[in-house]
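Me: Could we go through this model together? I would like to start with the terms and then move on to the helices and loops.

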Amino acid sequence: MSTELEYLTYATLLTALLWAPYTMNMISVRGLMDAVGYPENPAPLSPWAQRLKAAHYNAIENLVVFGALVLIANALDVTGDAIAWSSVFYFWARLVHAIAYTFAVPFVRTVAFIVGFGSQLCVAWQILFAQM
């Protein structure tokens, strides 16, 4: 498996697992029946869980873009160090983003987001200019 597909897999697994901690918090603050039901006035999640939920949504939104770009590059056989390293940076940036968002670490969340976005741009650039 190529590096870019390996790290896309890691990023996908990370995104797939981010729901678990905030769902456990939902169960602990609301109780199981309200957590799986539709209460009229649900108790709010803890602040950290609200932030992790927002980080999870952001991760999903960005994974769609990054995943599509990596798969397009793979389908077109566009490879190289730039795409491989972009995939590595993307995964670590998304992990740092989720942690920094959850624990409200100022500036780190934004820097991690920018690194992840830059990784997307780098893969797109490699695809668009591979034929030149």
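Reply: Buried means under 20% relative accessible area, exposed means over 50%, and partly exposed is anything in between, with a 1.4 Å probe and protein chains only. At 45% relative accessibility, alanine 104 therefore counts as partly exposed. The model is predicted, so local features need pLDDT of at least 70 and side-chain atom pairs count only at pLDDT 80 or more, while totals for chains, interfaces and linings use all residues. Residues are numbered from 1 along each chain as its sequence is written, and side-chain values use heavy atoms, with hydrogens and water left out.

Me: Where does alanine 104 sit, and what is its phi?

Reply: Alanine 104 belongs to the loop between H5 and H6, and its phi is positive, about 55°, although it is not a glycine. Most residues other than glycine have a negative phi. Helices here are DSSP runs of H or I with at least four residues, strands are runs of E with at least two, and both are numbered from the N terminus.

Me: What about aspartate 77, buried or exposed?

Reply: Aspartate 77 is exposed, since its relative accessible area is 62%. This residue is placed in the loop between H4 and H5, and it too is a non-glycine with a positive phi, in this case about 60°.

Me: Stepping back, how many helices and strands are there?

Reply: The protein chain has six helices and zero strands, and its C-alpha trace spans about 60 × 30 × 20 Å along the principal axes. Of the 132 residues, 36% are buried.

Me: How do H1 and H5 pack?

Reply: The axes of H1 (residues 3–17) and H5 (residues 81–102) come within 8 Å and cross at roughly 15°, where axes are lines fitted to C-alpha atoms, for helices over the stretch in contact, and angles run from 0 to 180 degrees between N-to-C directions. That makes H1 roughly parallel to H5, given that angles under 35 degrees count as roughly parallel, over 145 as roughly antiparallel, 65 to 115 as roughly perpendicular and the rest as oblique.

Me: Which residues meet there?

Reply: On the H1 side they include Tyr7, Tyr10 and Leu14, and on the H5 side they include Val88, Phe91 and Trp92, with contact meaning heavy atoms within 4.5 Å.

Me: And at what angle do H1 and H4 pack?

Reply: H1 and H4 pack at about 160° with their axes 10 Å apart, which means that H1 is roughly antiparallel to H4. Among the residues that meet are Leu5, Leu8 and Ala11 in H1 and Ile60, Leu63 and Phe66 in H4.

Me: Which residues touch the most other members of the largest nonpolar core?

Reply: Leu18, Phe66, Ala73 and Val123 do, in a core of 26 residues, a nonpolar core being a set of buried Ala, Val, Leu, Ile, Met, Phe, Trp, Tyr and Cys residues joined through side-chain atoms within 4.5 Å. The largest share of this core, eight residues, comes from H4.

Me: What is phenylalanine 66 in contact with?

Reply: Leaving aside neighbours within four places in sequence, phenylalanine 66 is in contact with Leu8, Ser86, Ser87, Tyr90, Ser119, Gln120 and Val123.

Me: Last one, where does glycine 31 lie?

Reply: Glycine 31 is in the loop between H2 (19–30) and H3 (32–36), and it is partly exposed, with a relative accessible area of 26%.
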